[in-house]
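Please view the sequence and the model together while reading.

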Amino acid sequence: MMSWERQITIKSKKELELMRSAGKINAEVLQTVADLTQPGVTTGELNAAADAVLKKYGVYSPFLNYPGATPYPASTTISINEELVHGIPGKRVLKEGDIVSVDCGTVYEGFVADSAITVAVGQLTEVAQKLLSVTEQSLYIGIEQMVPGNRVGDVSSAIQEFVEDQGFFVTREYTGHGVGRDMHEGPQVPNYGLPGRGIILRPGMTIALEPMVLVGTPATRVLNDQWTVISADRSLTAHYEHTVAITENGPMILTLLEDGTKPGRKI
Ligand code: MG
Ligand code: MG
């Protein structure tokens, strides 16, 4: 696992409001992309639509120019089928049966929201449909554990147990993370672990929880573009993410739409 120690920051009520504002915009970005996702559309067109929403609000994505082997070149990451995360949008054309993971961040008044969804292109195979359902459910099962006094391991293990009970796998190399003024703050929140372990969750902590689920094995590798992460066995993968605040009243999802619903395909 990639391991790092970064500062955990406790947000004030005012700061949580700014993060909620960032989160609403980010949700609108994801909803806009979901609405455009259909056979024949390119991932570059989806990214351009995301950019248009960000521009409308005068905000930007912290993904753009994110440091790596080469600076990340876009506002979103768009990852198809065996691509787990960090796919670079471009000329690829979506086709019937693809599953498309869209991840974006928004910086609003200095605070970051980070969230992702996986969207179906037309009719899916049974396993692809199950993968989307299990991955999304695992996110909400993890969020339920995000209450003051619980530990990071309670969140991680809840996700892992649910996903593995459904016959799928969670990645070991990529994790959820604290988020605030920086996109990646402490604590690191893996999608696997043991209950009762890790740091204690406290009110004012804000975490981007992001189950990354693979059909075949947990193993991943990075393509030659030095960004795109795929399943090592090229089996299907999915990714859902919310930025969540821990409050005295329980978890508060900051990356829902303005009307309080989650972004995604409206059936
Ligand atoms: Mg993200
Ligand atoms: Mg994230």
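## The three-stranded sheet

In this predicted model, three strands form an open, antiparallel sheet in the order β1-β3-β4. Strands are DSSP runs of E with at least two residues, helices are runs of H or I with at least four, and both are numbered from the N terminus; two strands pair if DSSP finds at least two bridges between them. Because β1 (76-80) and β4 (111-120) stand at the edges with a single partner strand each, one side of each has no neighbour in the sheet. From one strand to the next, the twist averages 15 degrees; angles, from 0 to 180 degrees, are taken between N-to-C directions of axes fitted to C-alpha atoms, for helices over the stretch in contact.

Strand β3 (residues 99-108) is joined to the antiparallel β4 by ten bridges. Within this pair, C104 stands opposite S115 of β4.

## Helices on the sheet

Helix α1 (residues 13-36) packs on the sheet and touches β3 and β4, where contact means heavy atoms within 4.5 Å. The direction of α1 makes about 25 degrees with that of β4. Helix α2 (residues 43-56) lies across β1 and β3 and runs at about 150 degrees to β1.

## A hairpin

Strands β13 (residues 242-247) and β14 (residues 250-253) pair in the antiparallel sense over four bridges. A hairpin of two residues joins β13 to β14, and A245 has M252 in β14 as its bridge partner.

## Basis of the description

Residues are numbered from 1 along each chain as its sequence is written, while chains are lettered from A and ligands numbered from 1 in the order written. Local features need pLDDT of at least 70, side-chain atom pairs count only at pLDDT 80 or more, and totals for chains, interfaces and linings use all residues, while side-chain values use heavy atoms, leaving out hydrogens and water.
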